[in-house]
Amino acid sequence: MGQRDNEVVSYAATEEDVSVRDTCMSWCYLFVHHAKVDLMEKILSKRFKTFIHKTTIYKNENKHIREQERPTISGLIFVQGDKVKIQDFLNKYCHGTYLANDCSTKTTAVIPDKVMRPFMQLDMGRNRIRFMPHPLDYYSEGNVLVRITSGLLRGFEGYIIRISRDKCLVTSIGGVTVAIKGIYKESFENVGEYVRLRRMQQHIGDGCGTDVGGCRDGISKCFFSPDSQLDMMVMAQSLQQYVDRARGSLEKGRCGDAAEIALTLLAEVGVRYPSMSVAGKGCDVKVILDVCRDAGGLLASIAGDDGLPEDFRHEVDAEMRALAGKYPFLPIPV
């Protein structure tokens with residue numbers, strides 16, 4: 001059935017990020033052979049709530065149009081519940097079947113229920129969702145990161161792209177990239193513009209840099225003095241774009257660029273973290289540290305890759321250790 005290497009990029013919260021109640025309400029997913037989907041769902045539904053996203057298709061049979069529903073992604077099953085309990089259940093009743101993993105942390109991908117519920121409700125508006133073949137960062141080039149501020153999808157982030165003449169929001173649901181059409185009535189917030197305006201208000205300068213070549217200057221322009229949790233989240237989102245770019249560089253074999261971006265991001269956060277904690281008193285700085293954790297995980301994968309030159313790996317490892325010593329509050333895996 002499914003394999004342990006069913007790994008996807010996931011920007012969803014991990015079990016440690018949510019309360020016990022939220023963990024029980026969160027969702028995981030797995031892939032099985034299309035012929036075994038019905039049986040697997042029947043077995044899982046005895047203990048857990050399941051969901052299969054379906055698409056309506058129309059067939060011409062004997063001069064009549066027949067409506068038919070089929071799974072949008074063959075073999076994809078969502079399961080609600082604690083990831084450990086779900087996997088234990090699979091081990092007991094479906095030996096050899098595993099939940100899909102987050103390729104950054106190598107742990108089970110988890111989708112918060114507050115993200116999953118709107119996604120499930122969209123299913124009622126048939127054919128609004130298209131599953132995309134690439135990770136979300138693939139669609140970042142030339143497009144502006146936006147956050148939806150109204151409607152069913154409020155809080156979702158992604159890129160507005162035209163696909164087959166439809167204006168779509170390309171976003172990520174627990175690491176699965178989807179394009180959602182029919183979003184014309186929603187309001188949008190340009191994340192980069194928000195950062196630019198907040199920096200101007202504080203007389204820091206304008207713009208939120210996106211040039212990877214000059215990553216230090218670009219990353220430094222993602223920061224400003226936070227007054228609210230929204231400010232913290234926007235800074236985290238701006239920084240996350242750099243982690244995504246570093247991951248894209250790594251996938252293209254540009255390991256030096258990937259390491260430079262991740263190390264620079266950690267260093268810049270390290271310098272500013274104490275002042276951010278003071279300025280944003282009462283705000284959760286953890287969203288910034290979550291981005292750092294992603295950057296640290298990427299660097300750890302580079303340092304541990306035996307296929308890369310040994311001197312380069314040692315240099316990356318040394319830089320990580322130096323940052324961890326200088327900024328012990330950063331979640332750097334050394």
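User: Before we start, what does contact mean here?
Analyst: Two residues are in contact when they have heavy atoms within a set cut-off. Keep in mind that this is a predicted model. The cut-off for contact is 4.5 Å.

User: Which residues of α9 does α7 meet?
Analyst: On the α7 side, the residues taking part include Gln229, Met232, Leu239, Val243 and Leu250. By class, this contact has 14 nonpolar, three polar and two charged residues. The partners in α9 are Val287, Ile288, Val291, Asp294, Ala295, Leu298, Ser301 and Ile302.

User: Is α7 roughly parallel or roughly antiparallel to α9?
Analyst: Helix α7 covers residues 229-251 and α9 covers residues 286-303, with their axes 8 Å apart. The packing angle is about 15°. Angles under 35 degrees count as roughly parallel, so α7 is roughly parallel to α9.

User: At what angle do α9 and α10 cross?
Analyst: Helix α10 spans residues 310-326, and its axis comes within 8 Å of the α9 axis. Among the residues that meet are Leu299 and Ala300 in α9, with Phe312 and Val316 in α10. The crossing is left-handed, and its angle is roughly 145°.

User: Now for Gln80: is this residue buried or exposed?
Analyst: Gln80 sits in strand β6, residues 76-80. Its relative accessible area is 14%. Since buried means under 20%, Gln80 counts as buried.

User: Which residue has its backbone oxygen 2.8 Å from a polar atom of the Gln80 side chain?
Analyst: Leaving out residues up to four places away in sequence, Gln80 touches several residues, including Cys24, Met25, Trp27 and Asp113. The backbone oxygen at 2.8 Å from the side chain belongs to Met25.

Conventions:
Residues are numbered from 1 along each chain as its sequence is written. This is a predicted model: local features need pLDDT of at least 70, side-chain atom pairs count only at pLDDT 80 or more; totals for chains, interfaces and linings use all residues. Side-chain values use heavy atoms; hydrogens and water are left out. Axes are lines fitted to C-alpha atoms, for helices over the stretch in contact, and angles run from 0 to 180 degrees between N-to-C directions. Helices (H or I, at least four residues) and strands (E, at least two) are DSSP runs, numbered from the N terminus. Angles under 35 degrees count as roughly parallel, over 145 as roughly antiparallel, 65 to 115 as roughly perpendicular and the rest as oblique. Ala, Val, Leu, Ile, Met, Phe, Trp, Tyr, Cys and Pro count as nonpolar, Asp, Glu, Lys and Arg as charged, and the others, Gly among them, as polar. Buried means under 20% relative accessible area, exposed over 50%, partly exposed in between (1.4 Å probe, protein chains only). A polar contact is a pair of N or O atoms within 3.5 Å; within protein, one must be able to donate a hydrogen and the other to accept it, and residues adjacent in sequence count only if both atoms are side-chain atoms. A crossing is left-handed if the near helix is turned anticlockwise from the far one by less than a right angle, and right-handed if clockwise.
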